[in-house]
Amino acid sequence: MTDAVYIQKCTHQIEESLAWGSSENWQNKDYELLSEQILDKKGIALSVSTLKRLWRKVKYDSTPNSSTLNALARFAGFESWRNFK
C-alpha cells in the first residue's frame, strides 16, 4: 500500500475515535480543535493547514514529512508511523 492509503486509514481511525462525524462536514474550527488536542495529548504541534492537507481538504501532492506522519500515528494510538503501517 502507498503512504496515501495509510494516511487515509489513519485519518479515518482518528475520525472514528473523535466521534465528531464525518470529516466531510468538519469546519475550520474542528481542525483547530484537533490541532489543540494533538498538542495537549501528545505535545506535538500540527497546524490547521497541515491537518487539512492530511484530511485532503486542500490540494497537496507531496507526501508529508516523517515527523508529521509520526505525530498523526501517535495521536491515533501508535508508537510511530512505522508501527502504524
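Visitor: How many positive and how many negative side chains does the protein have, and how far apart do the centres of the two sets lie?

Guide: In this predicted model, the protein carries 12 positive and 10 negative side chains, and the centres of the two sets lie 4 Å apart.

Visitor: How many salt bridges does the count come to?

Guide: The general idea is that side chains of opposite charge can pair when their charged atoms come close. With a nitrogen-to-oxygen cut-off of 4 Å, the count for this structure comes to three salt bridges.

Visitor: Which residue forms a salt bridge with K85, and where in the chain do the two partners lie?

Guide: The partner of K85 is D3, with the closest N and O atoms 3.1 Å apart. This pair links distant parts of the chain, since K85 sits in the segment after α5 (81-84) while D3 belongs to helix α1 (residues 3-18), and 82 residues separate them. As for solvent, K85 counts as partly exposed at 45% relative accessibility, and D3 also counts as partly exposed, at 25%.

Visitor: Where do K29 and E32 lie?

Guide: Both K29 and E32 lie in helix α2 (residues 28-42), three residues apart, which is about one turn of the helix. They form a salt bridge whose closest N and O atoms are 3.8 Å apart, a value that falls within the 4 Å cut-off. K29 is exposed, with a relative accessible area of 56%, whereas E32, at 29%, counts as partly exposed.

Visitor: Which residue forms a salt bridge with D61, and is D61 buried or exposed?

Guide: D61 pairs with K59, the closest N and O atoms being 3.1 Å apart. D61 is exposed, with a relative accessible area of 68%, and K59 counts as exposed at 71%.

Visitor: Turning to the fold, how many helices and strands are there in the protein?

Guide: There are five helices and zero strands, so that the order of elements from the N terminus on reads α-α-α-α-α.

Visitor: What radius of gyration does the protein have, and what would a compact globule with 85 residues have?

Guide: A compact globule with 85 residues would have a radius of gyration near 12 Å, and the protein has 12 Å, which agrees. Along the principal axes, the C-alpha atoms fill a box of roughly 30 × 25 × 20 Å. Among contacts between residues at least 6 apart in sequence, 48% join residues at least 24 apart.

Visitor: What share of the residues is buried, and which residues are buried in helix α4?

Guide: A residue is called buried when its relative accessible area is under 20%, and buried residues make up 36% of the 85 residues here. In helix α4 (residues 66-75), the buried residues are T68, L69, A71, L72, A73 and F75. What covers them includes α1, α2, α3 (48-54) and α5. Just after α4, G77 takes a positive phi of about 105°.

Visitor: Is T11 buried or exposed, and which residues does T11 touch?

Guide: T11, which lies in helix α1, is buried, with a relative accessible area of 5%. Leaving aside residues up to four places away in sequence, T11 touches L54, W55 and L72; of these, L72 is one of the buried residues of α4.

Visitor: What is the accessible surface of the protein, and how much of that surface belongs to carbon and sulfur atoms?

Guide: The accessible surface comes to about 5400 Å², of which 44% belongs to carbon and sulfur atoms.

Notes
Residues are numbered from 1 along each chain as its sequence is written. This is a predicted model: local features need pLDDT of at least 70, side-chain atom pairs count only at pLDDT 80 or more; totals for chains, interfaces and linings use all residues. Side-chain values use heavy atoms; hydrogens and water are left out. A salt bridge is a side-chain nitrogen of Lys or Arg within 4 Å of a carboxyl oxygen of Asp or Glu. Helices (H or I, at least four residues) and strands (E, at least two) are DSSP runs, numbered from the N terminus. Buried means under 20% relative accessible area, exposed over 50%, partly exposed in between (1.4 Å probe, protein chains only). Contact means heavy atoms within 4.5 Å. The radius of gyration is taken over C-alpha atoms; the globule rule is 2.2 Å times the number of residues to the power 0.38. Accessible areas come from the Shrake-Rupley method with a 1.4 Å probe; for residues, only the protein chains shown count as cover. Lys and Arg count as positive and Asp and Glu as negative; His and the chain ends are not counted. The place of a charge is taken as NZ of Lys, CZ of Arg, CG of Asp or CD of Glu.
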